[in-house]
Amino acid sequence: MACGGAAAAFAVNFTHPIELVKTRMQVSGGGLGATISGVVKEGGVTAFWKGLPFGWGRELSYTSVKLDAPVRNAIGAGGPDAGIGMKFLAGALTGGFGSILGNPFDVLKTLAQTNTKGEGLGLLVGNLYRDQGIGGFYRGVEVNIMRACVLNATKMGVYDATKGFVTEQTGWGRKDIKTSFSAAFVAGFFMTVTVSPWDMIRTKLMNQPTDAKLYNGFADCAAKTVKEGGVLSLWRGFIPIWA
């Protein structure tokens with residue numbers, strides 16, 4: 001599991017800019033092109049890596065725990081004949097538990113990515129602790145758990161099911177790179193469809209000012225988001241999430 005977490009922490013060096021653009025789109029309501037040009041104008045190319053240390057911390061905690069094989073095997077969802085329901089359950093369990101450990105890093109990463117005032121990482125941590133105490137690092141944890149359950153369950157269930165379908169239809173082996181790519185492409189799309197609303201609400205809850213409370217929990221945030229931008233605004237940032 002530690003190796004998986006380390007690999008994910010390394011990979012985040014390349015995915016962090018995409019996530020920063022996604023987060024900025026969710027907060028500002030801007031389009032993809034306008035958001036990218038705005039980030040470059042604000043701080044140059046290096047601005048895309050704002051909050052990267054918190055991204056490392058998130059992957060080392062969250063990904064190390066949510067790796068699926070041990071749980072999947074423990075509940076009997078690891079075999080090729082296991083039902084899709086068991087695969088969804090395994091993914092939800094591991095994703096939910098991992099999100100609890102990674103929540104503080106998610107909060108700080110979100111604040112860093114949306115920060116346009118040039119505040120240092122240490123100042124962000126200090127302000128959050130001063131204004132909200134330890135509880136501030138766990139704001140949005142409920143929706144983060146739900147998001148992780150939906151994400152992991154959809155990804156694991158659809159990925160394995162798609163692999164089986166592709167193998168049957170094409171004759172490619174389950175370990176063939178073409179099979180893996182096809183399954184990942186399909187699973188990524190459905191994961192984005194199901195997880196985007198949860199991700200949008202999570203970002204808004206975590207991005208509240210450290211000294212103010214804009215939303216009274218998940219339901220209030222969801223209602224205000226829909227009232228402000230319509231139902232489709234819950235899928236804002238769809239392309240970067242899929243990417």
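Residues are numbered from 1 along each chain as its sequence is written, and side-chain values rest on heavy atoms, with hydrogens and water left out. In this predicted model, local features need pLDDT of at least 70 and side-chain atom pairs count only at pLDDT 80 or more, whereas totals for chains, interfaces and linings use all residues.

Helices are taken as DSSP runs (H or I, at least four residues) numbered from the N terminus. Helix α8, residues 177–206, has 30 residues, yet its end C-alpha atoms are only 37 Å apart, short of the 44 Å that a straight helix would reach, where the expected span is 1.5 Å times one less than the number of residues. A kink of about 50° lies in α8 at Val 195, shortly before the proline Pro 197; the bend is the angle between axes fitted to the seven residues ending at a residue and the seven starting there. The N-terminal end of α8 is capped by Asp 176, a side-chain oxygen of which lies 2.8 Å from the backbone nitrogen of Lys 178.

On the surface, Phe 97, Ile 100, Leu 101, Tyr 129, Ile 134 and Tyr 138 form a nonpolar patch with about 600 Å² of accessible area together (Shrake-Rupley method, 1.4 Å probe, only the protein chains shown counting as cover). Such a patch joins nonpolar side chains (Val, Leu, Ile, Met, Phe, Trp, Tyr) within 5 Å, from residues with over 30% relative accessible area and no salt bridge. Helix α5, residues 84–114, gives the most to the patch, with three residues, while Tyr 138 is placed in the loop between α6 and α7.

Side chains of opposite charge can pair when their charged atoms come close. With a salt bridge defined as a side-chain nitrogen of Lys or Arg within 4 Å of a carboxyl oxygen of Asp or Glu, the count comes to 14. In one of them, Asp 199 pairs with Arg 147, the closest N and O atoms being 2.7 Å apart. Asp 199 lies in helix α8 and Arg 147 in helix α7, so the pair ties together parts that are 52 residues apart in sequence. Asp 199 is buried at a relative accessible area of 1%, and Arg 147 is buried at 10% (buried means under 20%, exposed over 50%, partly exposed in between; 1.4 Å probe, protein chains only). Salt bridges that share partners join both residues into one network, whose members include Arg 58, Glu 59 and Asp 106.

How values were computed. Helix = DSSP H or I, 4+ residues; strand = E, 2+ residues; numbered from the N terminus. Polar contact = N/O pair within 3.5 Å; in protein donor to acceptor, adjacent residues only side chain to side chain. Patch = residues over 30% accessible without salt bridge, like charges linked within 9 Å, V, L, I, M, F, W, Y side chains within 5 Å.
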